[in-house]
Amino acid sequence: MKYSESELLKFYEQLVRGRKYEEKIITLLGQGKLQGFFHLGIGQEASQVGVVNALGPNDYLVPTHRFHPGLVNKLDLKKLTAELLGRRSGYNKGHAFTFHISSKAERILPVNGMLGAGIPNAVGYAWALKMDKKDSVVVCVLGDGAAAEGNVHEGMNIAANLNVPIVFYIENNGWAVSNPFNEQTKIKNLSERASAYGMTGITVDGNDVIKVKETLEDAIAKARKGQPSIVEAKVSRWRGHFEGDPGFYRNPEELETAYKEDCIKRMKNTLLEQGISEKKFEEIDEKVHQEIEEAFNYAEKEPFPTAEEILNYDNVYATNLGGDLL
Ligand SMILES: Cc1ncc(C[n+]2csc(CCOP(=O)(O)OP(=O)(O)O)c2C)c(N)n1
Ligand SMILES: [Mg+2]
């Protein structure tokens, strides 16, 4: 086995952190203790954990509105939770939520709430890195629905033409709100689009954290040499489009099949085969549970920004991020 037991256990822990963090959000929303428009990534943890593990120390990530399982494994849990709860001590002083969150220190570039509109921005960041002769790559995440936006075509075309150090990572969860994938496009894999831009494209099983990590590492290495590409991960969205969407448009059988592919069960089985005891999983689950409880307990007690701070534009534009983005 290429990965040591401790590395596999780390992946397991990260998958569990992603799942439990969002389960906590569901609980708090149900109790009326949390407000906000949450798009959960439950079912997509392996894909997102694979992404954060593939990034090199100087690489950048543009996440999406559904990227909490990735972010909880990349950012400080307390500061992230404070941001999601709109508190002053959050990453962007409580202004950004998941739709616009960013962190210069952790090289998270802002998400864009306008679907697809962030893709040319991401290409611009990567082009700036190239012009500054930095050895960094941008991994730009987008969904299958976003992939149909005109902006995405423009961004991909420019990236390929200018040999920009970027990887377009498409998390294809089969749905854009209530619009199923087979009604979004005539093609089977969105990676097929790469050839139209003169890039390479590959589709991977997004429930396989190691496969995602290794495929993306290869794509990042190519991007570093000026060869952008598309990596598409096939995943499943277990929840509604947002919390509160009952998902009546879905066939229950689709979800039954998806649950059988649960990435956490898969990683656990791999570890069980290696002789890891049930007790070890319980310890990890408990440790992660405690971390999450601490993060929410901390954030709940933090002060909200004042009305004056909310209306202060310095807190909305680049100065809030500590100056330049890159
Ligand atoms: C330009 C634009 N159109 C519509 C929306 C509303 N909207 C938000 S998410 C979404 C679907 C996104 O689907 P996909 O890209 O597959 O991501 P997923 O939500 O499945 O992760 C839509 C239509 C938007 N934010 N921006
Ligand atoms: Mg989708």
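Predicted model: local features only at pLDDT ≥ 70, side-chain atom pairs only at ≥ 80, totals over all residues.

Modeller: Residues are numbered from 1 along each chain as its sequence is written, chains are lettered from A and ligands numbered from 1 in the order in which they are written, and side-chain values use heavy atoms, with hydrogens and water left out.

Biologist: What is the order of the strands in the open sheet of five strands?

Modeller: Strands (E, at least two residues) and helices (H or I, at least four) are DSSP runs numbered from the N terminus, and two strands pair if DSSP finds at least two bridges between them. β1 (60-62) and β6 (200-205) each have a single partner strand, so one side of each lacks a neighbour in the sheet. The pairing is parallel and the order is β1-β2-β3-β7-β6.

Biologist: Are the residues of β3 buried or exposed?

Modeller: Buried means under 20% relative accessible area, exposed over 50%, and partly exposed in between, with a 1.4 Å probe and protein chains only. From β3, I166, F168, I170 and N172 point one way, whereas V167, Y169 and E171 point the other way. Seven of the seven residues of β3 are buried.

Biologist: What is the handedness of the β-α-β crossover from β2 through α7 to β3?

Modeller: β2 and β3 pair in the parallel sense over six bridges, with L142 opposite I170 in β3. A crossover is called right-handed if, with the strands pointing away from the viewer, the path from the first strand over the helix to the second runs clockwise. The crossover from β2 through α7 to β3 is right-handed.

Biologist: Which residues are the protein donors of the magnesium ion (ligand 2)?

Modeller: Donors are N, O and S atoms within 2.8 Å of the metal (3.2 Å for Na, K and Ca), and since water is not among the atoms, sites may look incomplete. The donors follow the spacing D-x28-N-x1-W along the chain. D144 lies in the loop between β2 and α7, and N173 in the loop between β3 and β4 (175-176), 29 residues apart. Lying 2.1 to 2.2 Å from the ion, the donors are D144 (OD), N173 (OD1) and W175 (O).

Biologist: Is D144 buried or exposed?

Modeller: The relative accessibility of D144 is 2%. D144 therefore counts as buried.

Biologist: How many residues apart in sequence are the parts tied together by E214 and K2?

Modeller: A salt bridge is a side-chain nitrogen of Lys or Arg within 4 Å of a carboxyl oxygen of Asp or Glu, and the closest N and O atoms of E214 and K2 are 2.9 Å apart. E214 is partly exposed at 25% relative accessible area, whereas K2 is exposed at 65%. E214 lies in helix α8 (residues 209-224) and K2 in the segment before α1 (5-30), so the separation is 212 residues.
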